[in-house]
Amino acid sequence: MSPLHRPPPGAWRAPVSMSGEVMASVPAPEPEASGTDAASSSPGPAEELQVSTARVRLYELVKLAQEDRTVTVVAKRARGHLFRAALIPISLLDASAQARLQTWPSWLRTAARPKLGDLVRDAAGDGRTPGVPQVILDRADSTPLAVLVDAQLVSPDGAPVVVPQHPEADQTQRPAAPQQVSLPVRDAAHHRDQSGVSLLADQQPGDAERSVASVAGAVVTAQGAGTPAPALATGGSAGKRQLAAFGDVLEEVLASRQPESHPQDAAKFGLTALDEAVGGLLPGKLTLVAGAPNAGASLLPAAAARHTALHRQLPVLYAASGLTRTDVAMRVIAAEGPVHYRRLRLNQLTDQEQQTAAEVAAKLQELAGTVWHIDDGTGLRAADISEAARDIEGLALIVVDRLQRVPDPLVPLSGSDLPAAAQALAQLARVLRVPVVAAVDTDEADLLTALDADVTLTVTRQDERAEVTYAERDFGTLSTVTLRADLACARFTDALAEAEGAPKAAPSAGATAQILAPAADASASTALDDGEEADLLAAAKPFTSGASTGISARLNGVLAAFAQARAASDGQDLEGLRQTVADLAARGPRMPETDEGQRLGTALAAFGMSRRSTTPAGPQAPADITPAAAPAPAASATVTERAEPQPAAESTAEDEDVSEAFQDNTVPPEDSGNVKRGRTYTFFTNKIEAAVDQALQETGGDIDEAVKLLKRKAVPDAMALFKLSRVGATYEHSVYPEPLEFLSKPSQKESDQIWEGRHKWRNNALRTAVKKGLQAPLDVTALDTNCAYLSAFKTYLPIGALRHHTRGFLPKESGVHRVDHFEWPHEDVPSPLGGRVEPGPYLLDEATLRLLIRCHELGLSEPPRILESWTSGGTEALLEKFRRILNEARTKAVQSNDKATEEYVKAMYSRFTSTIGESGKNQELRRADWVHIIRSQAFASLFLKAHRAHHEGLILVQVSGVDELHLCGDWQQIWKEGRMPGEIKKKRLYTLGGN
């Protein structure tokens, strides 16, 4: 993470990205008068550059034109036409053109840079309309430096450039006398901000960056100067204000709300409750986040920056006034990990935290290394922010951290300068049409009124409970949102993710009835347990929040569910969860050897002892309240739906602890797991072998009983192995993202709204022909593919929570898509949508959508039309190591005829797939989107095998489920027969049309 390198005041500032790449490092040239020698020298050979390259080098190219008379041709292709304009020195114009110089549109370099493509198009013309030369000015005194003209006018021999006169191009009428203009802060018709960039108070967004300074000089004169400034040539409508018909505005407003439109998305904080209340950070608006110095107000702008740069991969300018680049980086790592911010600063992280921090840093480098730009230099002014923002293409958000109430001569964004700075930032937001969010370290009402922001968010905090009051300039206070202040990890989260921010409540009547004891006994029990419960939840908080690790996933999930139920005063489940926690405490679970681990162990033992001494001897809870049926734990800033209670017998069958082989918490060695580098997965496969050996010992060598025991352990063992496979990984996936309605089942027996391409296809035309005697009987081979679901682990899975957009297919993202009706014109090949007969639109997962795109690439169908999407950054690597470990273990088992290991591995990957959705049997991962994508990838693989067989000349007879393929022909020319992945098993032979 690198800062914006800050040159001395007045010099141009080159933005530097997170990855350290300098976007443009050429300083602005000082204006120099063209002497006789320069005029007489011939220009150098013309270099031709694409506009994207020329934009980065613009300052250098202007300096070369001014000093060395270098000519550069800049090319831009748009709408099927190639526009070519030449950047030439002023001295290369003939006398007639130089006399008309002041009548042409003129631009300061800072304004010309982001608009260079438009300037090239305007200067070159389109073949029917002549081009209009564009003059580049020095920002200090508006001296003409160079000019863009139609490249066809430039002679290769260096002859003077003759620009034909066109009434539309030249502005011939000029005022008779100069005009002096006074400049109120916001009401001036034209003024310069602190960076020297000319701005129009009535400028339209489309012309935001256009400078209206003329080549004769600027309107604004230095304070006290006696010479008035000459009038300006605006390069457009001669100063006329652009009016919009109200009907046109209405059409634009309504069009922006149509599903097929693509409005500019508002930036968000990534906090569900706050984003819903505020509606995001809108382009063109200044949002102030105000709070007392200890309220943590600056963490909200930082959250918006993290969400924009990391989750949306859009450019962010982070102007840090008072913070260093190290502060910014550490806060991002702490919040994203999460890891303990203070221990990170003091370099006192545990080994696990150090590993987490390294993974987060790698993720930041990959996802935001080139889009997050930091300026942390001293003397940061609003003008510096304005100038740096203009040099970042596609800028989506500007963060100012922070405005300081106490005056400091070394901090321009402080004290009495704050109102002017806020006005400059508001103007910057309007001109660039980007959201600007700034933190201010006070909640004083008078000062906030003086700052006059479009939106003000005021943060107040009491311990971990924070409230954000949302107010707009024209409407006053609109709403208040409650958040949880997780200052240990330098972040805010949604309030529902934390239990202890809510007031404690006595058990409800339902809870009292459940324990089947007199009311007086229940009250006494609650009173005795209340202190131990509070201590237990406080001790568990570092683990349930993710800041600390080392306890079992089951204990962590039950404690999180317990905290959530207590916060919600959910009496129906609370007593059952109390008993579940007490049962786990009685087992003496292993704790990490850290201060947090010792504290949790002590609190858990005290809670268990308290429950044993106060709980009546009667039944303690309904039979269906089990750890598997407990509410799912809430991860940071997300809320999960409660799992449906499972039948007691089924829950008991699955209620097995993880195998001892996966309980030692040994970190995998660094040299394991990369087969491509000659390394193996021995560390992981040894654990699988140890789990099988343990099961055989417990069952006295009875293989069938051992398989039954291993299948009961398959879910916790698979989750433990999966987490081991993720150690040292680049991506940190979301475990409990916010659920989407169409991914939730209405009931246990109903499905959600996602359509998977499950196959149930028969070649009816062939069967009819055989039945009618039009086709001779055919010998058919029924084939079965191996490890269909295991192979499907290699698929694009979303990393984070799914976010809505209408940008179509994004190759680097994954999720769910609403796709319009899809036509399949082939009768002899199954449809990639499986047995779907209802017309679209459909909700399809990533694997099915990519299969439809593949069908179009193969020339089989039209491309799918995506109406809207819910996606996150995606990768094929999430389950790849897990898949390879299981595949290696299965391969060894098949080769050695080891039935127990083969069945155990099969149960691990199949039950992993079936329980990571909404199943109550897996409390550690809740990704229904992954379930659909994995299953659909298996269906897609079967379709591609069927298409390959058809392409090779075989006849398809039937395609069913996830692994069944019936065909006629020599299939062994395509696939090898066997039981390994990629091989095919022969199930049976039969004759179609025979007896």
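Which residue of E16 is the bridge partner of Tyr 470? In E16, that partner is Ser 479, and the pairing belongs to strand E15 (residues 465–472) and E16, which run in the antiparallel sense over 8 bridges. Two strands are said to pair if DSSP finds at least two bridges between them, while helices (H or I, at least four residues) and strands (E, at least two) are DSSP runs numbered from the N terminus.

The model is a predicted one, in which local features need pLDDT of at least 70, side-chain atom pairs count only at pLDDT 80 or more, and totals for chains, interfaces and linings use all residues. Residues are numbered from 1 along each chain as its sequence is written, and side-chain values use heavy atoms, with hydrogens and water left out.

**The sheets**

E15 and E16 are part of an open sheet of 9 strands with mixed pairing, in the order E11-E10-E12-E13-E9-E14-E15-E16-E17. Its edge strands, strand E11 (372–375) and E17, each pair on one side only. Another open sheet has 5 strands in the order E18-E25-E26-E19-E27, with antiparallel pairing. Strand E18 (759–762) and strand E27 (984–992) stand at its edges with a single partner strand each, so one side of each is left without a neighbour in the sheet. Within this sheet, strand E25 (residues 955–961) and strand E26 (residues 964–968) pair in the antiparallel sense over 5 bridges, and the bridge partner of Ile 955 in E26 is Cys 968.

| H14 | E9, E12 and E13 | about 140° to E9 |

In helix H13 (residues 382–389), 8 of the 8 residues are buried, so the helix is largely enclosed by the rest of the structure. Buried means under 20% relative accessible area, exposed over 50%, and partly exposed in between (1.4 Å probe, protein chains only). The buried residues of H13, among them Asp 384 and Glu 387, pack against helix H3 (58–68), helix H5 (109–112), strand E10 (316–320), strand E12 (397–403) and helix H14 (418–432).

**A loop residue**

Ala 488 is found in the loop between strand E16 (476–486) and strand E17 (491–494), and at 35% relative accessibility Ala 488 counts as partly exposed. Ala 488 and His 340 are 148 residues apart in sequence, yet 5.6 Å apart in space, C-alpha to C-alpha. Leaving aside neighbours within four places in sequence, Ala 488 is in contact with Val 339, His 340, Tyr 341 and Arg 342.

**The nonpolar cores**

A nonpolar core is a set of buried Ala, Val, Leu, Ile, Met, Phe, Trp, Tyr and Cys residues joined through side-chain atoms within 4.5 Å. In the largest such core, which has 50 residues, Leu 886 and Phe 912 touch the most other members. The elements that give two or more residues to this core include helix H22 (682–698), helix H23 (703–725) and helix H27 (880–895), and H23 gives the most, with 11 residues. Not counting residues up to four places away in sequence, Leu 886 touches Ile 688, Leu 721, Leu 790, Phe 793, Val 905, Met 908 and Tyr 909. A second, separate core of 48 residues includes Leu 299, Leu 300, Ile 333 and Val 459.

Notes. Contact means heavy atoms within 4.5 Å. Axes are lines fitted to C-alpha atoms, for helices over the stretch in contact, and angles run from 0 to 180 degrees between N-to-C directions.
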